Amino acid sequence: RKRKINNKQHEQRAPSVVDGVLWARKIEVLIYLFIYFHFTTMEAHEDDDDIFVYTGGDQVVPDDVVRVRIDKSVTIIPHRAFEHRRSLIYVEFHDGIEIIRE
């Protein structure tokens with residue numbers, strides 16, 4: 001038994017000016033995000049003096065920390081390690097991290 005296909009459901013509408021504007025806006029947002037994160041990451045690598053090195057254990061993370069580098073000796077990041085650090089914008093991880101506790 002053959003099914004009838006409603007052609008109206010399968011028709012593609014022609015792109016409109018609004019579609020073009022929305023597409024351009026999406027591209028603009030993606031470019032902005034790429035540039036923002038690219039330069040944020042570059043600044044973090046250039047200014048190593050401003051990076052807080054997190055060594056785990058009972059170490060207290062400063063409230064005003066902006067950038068963090070996880071030390072190679074850390075394999076587990078405890079629950080809420082960076083909680084309430086509102087200025088934190090950058091965390092540099094390494095491949096040896098096994099667990100990030102929730």
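Two strands are taken to pair if DSSP finds at least two bridges between them, and the strands themselves (E, at least two residues), like the helices (H or I, at least four residues), are DSSP runs numbered from the N terminus. On that basis, three strands of this chain form an open sheet in the order 1-2-4, with parallel pairing. The structure is a predicted model, in which local features need pLDDT of at least 70 and side-chain atom pairs count only at pLDDT 80 or more, while totals for chains, interfaces and linings use all residues. Residues are numbered from 1 along each chain as its sequence is written, and side-chain values use heavy atoms, with hydrogens and water left out.

**The chain as a whole**

The secondary structure comes to two helices and five strands, and from the N terminus on the elements run α-α-β-β-β-β-β. Residues are called buried under 20% relative accessible area, exposed over 50% and partly exposed in between, with a 1.4 Å probe and protein chains only; of the 102 residues of the chain, 20% count as buried. The accessible surface of the chain, from the Shrake-Rupley method with a 1.4 Å probe, comes to about 9,000 Å², and 54% of this surface belongs to carbon and sulfur atoms. If contact means heavy atoms within 4.5 Å, then among contacts between residues at least 6 apart in sequence, 20% join residues at least 24 apart.

**The sheet**

Strands of a sheet pair through backbone hydrogen bonds, either parallel or antiparallel. In the sheet of order 1-2-4, the edges are strand 1 (51-54) and strand 4 (90-92), each of which pairs on one side only. Neighbouring strands of this sheet are turned by 25° against each other on average, direction ignored, where the axes are lines fitted to C-alpha atoms and angles run from 0 to 180 degrees between N-to-C directions. Strand 1 is joined by four bridges to strand 2 (residues 67-70), and the two run parallel; Ile51 has Arg67 of strand 2 as its bridge partner. Strand 2 is in turn joined to strand 4 by three bridges, again in parallel, and here Arg69 stands opposite Glu92.

Glu92, which is found in strand 4, counts as buried because its relative accessible area is 19%. Its side chain makes a polar contact with the side chain of Arg69 at 3.0 Å. A polar contact is a pair of N or O atoms within 3.5 Å; within protein, one must be able to donate a hydrogen and the other to accept it, and residues adjacent in sequence count only if both atoms are side-chain atoms.

**The nonpolar core**

In soluble globular proteins, nonpolar side chains tend to be buried together. A nonpolar core is here a set of buried Ala, Val, Leu, Ile, Met, Phe, Trp, Tyr and Cys residues joined through side-chain atoms within 4.5 Å, and the largest one has 11 residues, among them Phe52, Tyr54, Val68, Ile70, Val74, Ile77 and Ile97. The elements that give two or more residues to this core are strand 1 and strand 2. Leaving aside neighbours within four places in sequence, Ile77 is in contact with Ile70, Phe82, Phe93, Ile97, Ile99, Ile100 and Arg101.

**His94 and its surroundings**

His94 is found in the loop between strand 4 and strand 5 (99-100), and it counts as buried because its relative accessibility is 12%. Not counting residues up to four places away in sequence, His94 touches Ile70, Asp71, Lys72 and Val74. His94 and Thr75 are 19 residues apart in sequence and 9.1 Å apart in space, C-alpha to C-alpha.

| Backbone atom | Distance to the side chain of His94 |
|---|---|
| Oxygen of Asp71 | 2.9 Å |
| Oxygen of Val74 | 3.0 Å |
| Nitrogen of Gly96 | 3.0 Å |

**Positive phi in a loop**

Most residues other than glycine have a negative phi, and most peptide bonds are trans. Arg80, placed in the loop between strand 3 (76-77) and strand 4, has a positive phi near 60°, and Arg80 is exposed because its relative accessible area is 54%. His84 lies in the loop between strand 3 and strand 4 and has a positive phi of about 65° although it is not a glycine; with a relative accessible area of 55%, His84 is exposed.
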